[in-house]
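Biologist: I am new to this structure and would like to understand it step by step. May I put some questions to you as we look at it together?

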Amino acid sequence: FADRMYYNPALVGSLENNDYRISIQRRSQWQSVSVPFSTFSASFENKLLYKNFNFGIQFFNDKSGDSKLTLNQINLSISRSFNVRKLNTFLVGGIIGLGQKKIDYTNLIFEQNEELASNSFLYPDIGCGIYYKTNAHKMFSYNLGISIYHLNNPLNSFNENEIENLPLKNNLSFSVNYKYQEEVLITSEFLMTNQGPQREILVGVNPQIKLNQIILLPFVYYRINDAAILGFGLEKDNIQANISYDINISDLYPASNNMGGFEFSIIYLWKKKKKIINLKEKICPKYL
């Protein structure tokens, strides 16, 4: 939920009471197993930049393993929302990006010769998404979203003799919001990601508890057959900070000692400055 462009591009610019959103996210995992896998992302969203269209831009960096396999990608996204029955919202969005993958062969050992064309390549990337939100002011509301990435099946191989393309990545999300009290909102979420033969299912609960000038954001998630995720966040004056940790429970746990990934994110939202109109004092003439 921190960087929404890789979650669903339709959510870009969906800010309700604000006009701008910045998020920064940092993740490190598998330090107990090998060279840490690290991920960094930063995104900016602008609500209603042109007419009824929202705009977003994102930078993403991922580095993994002894080979320092690195992905750098910059994405642009556009979205638009439509009112349904006045109180519900339907959103549609698209994303286009340019990615670069590179690798360092220095610490790698091959059992046979590999026809490696280069140590880096560029590729374009295209995705889209839709999202439906019901009236959030009711006691019960729900959200449903579907997104598809790598629509153009971009190149994903350093080997010139074995051309491989990125398969489609599909996200399906569903959440139910329960307003227990005016100060307490409980959100239950389900997220399924599918890419080629790989599938990931994530379920969890994310309460929001208002206390005077701050909002408490504890959350608990379970990634099926992989990890339990515990996290906590605080929000004050439109600034939100979150921290979480993955407790590994997969078949890798003897090597990982149940240690998974540490993640930290900051989100900042703000409104446009209102133009102040200075009215000059005018003297009303008196007529005899």
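Biologist: Which residues does Y131 touch, not counting residues up to four places away in sequence?

Modeller: This is a predicted model, in which local features need pLDDT of at least 70 and side-chain atom pairs count only at pLDDT 80 or more, while totals for chains, interfaces and linings use all residues. Residues are numbered from 1 along each chain as its sequence is written, and side-chain values use heavy atoms, with hydrogens and water left out. A contact means heavy atoms within 4.5 Å. Leaving out residues up to four places away in sequence, Y131 is in contact with Y7, N8, A10, L11, T89, F90, L91, N143, L144, G145, S173 and S175.

Biologist: How many strands has the protein?

Modeller: Helices (H or I, at least four residues) and strands (E, at least two) are DSSP runs, numbered from the N terminus. By that count there is one helix in the protein. The number of strands is 14.

Biologist: How many bridges pair β8 with β9?

Modeller: Two strands pair if DSSP finds at least two bridges between them. A hairpin of two residues joins β8 to β9, and across the pair S175 faces E189, while L172 faces M192. The strands, with β9 at residues 184–195, run in the antiparallel sense, and their bridges number 12.

Biologist: Over how many bridges do β7 and β8 pair?

Modeller: β7 covers residues 140–149 and β8 covers 169–181. S147 stands opposite N171 in β8. The pairing is antiparallel, and the number of bridges is 10.

Biologist: Is S157 buried or exposed?

Modeller: S157 is placed in the loop between β7 and β8. Beyond residues up to four places away in sequence, S157 touches F121, E162 and E164. The relative accessible area of S157 is 14%, therefore S157 counts as buried.

Biologist: What is the relative accessibility of H150?

Modeller: H150 also belongs to the loop between β7 and β8. Although H150 is not a glycine, its phi is positive, at about 60°. H150 counts as buried because its relative accessibility is 11%.

Biologist: What is the relative accessible area of K68?

Modeller: K68 lies in the loop between β3 (53–64) and β4 (69–84). K68 is a residue other than glycine with a positive phi, near 55°. K68 is partly exposed because its relative accessible area is 45%.

Biologist: What is the relative accessibility of N54?

Modeller: N54 belongs to strand β3, and beyond residues up to four places away in sequence N54 touches V12, G13, N46, K47, L48, S77, I78, S79 and R80. N54 and F82 are 28 residues apart along the chain, and their C-alpha atoms are separated by 12 Å. N54 counts as buried because its relative accessibility is 3%.

Biologist: What part of the residues of the protein count as buried?

Modeller: The C-alpha atoms fill a box of roughly 105 × 40 × 35 Å, taken along the principal axes. Among contacts with a separation of 6 or more, residues 24 or more positions apart account for 48%. The protein has 288 residues, and the buried part is 38%.

Key:
Buried < 20%, exposed > 50% of the residue type's maximum accessible area, 1.4 Å probe, protein only.
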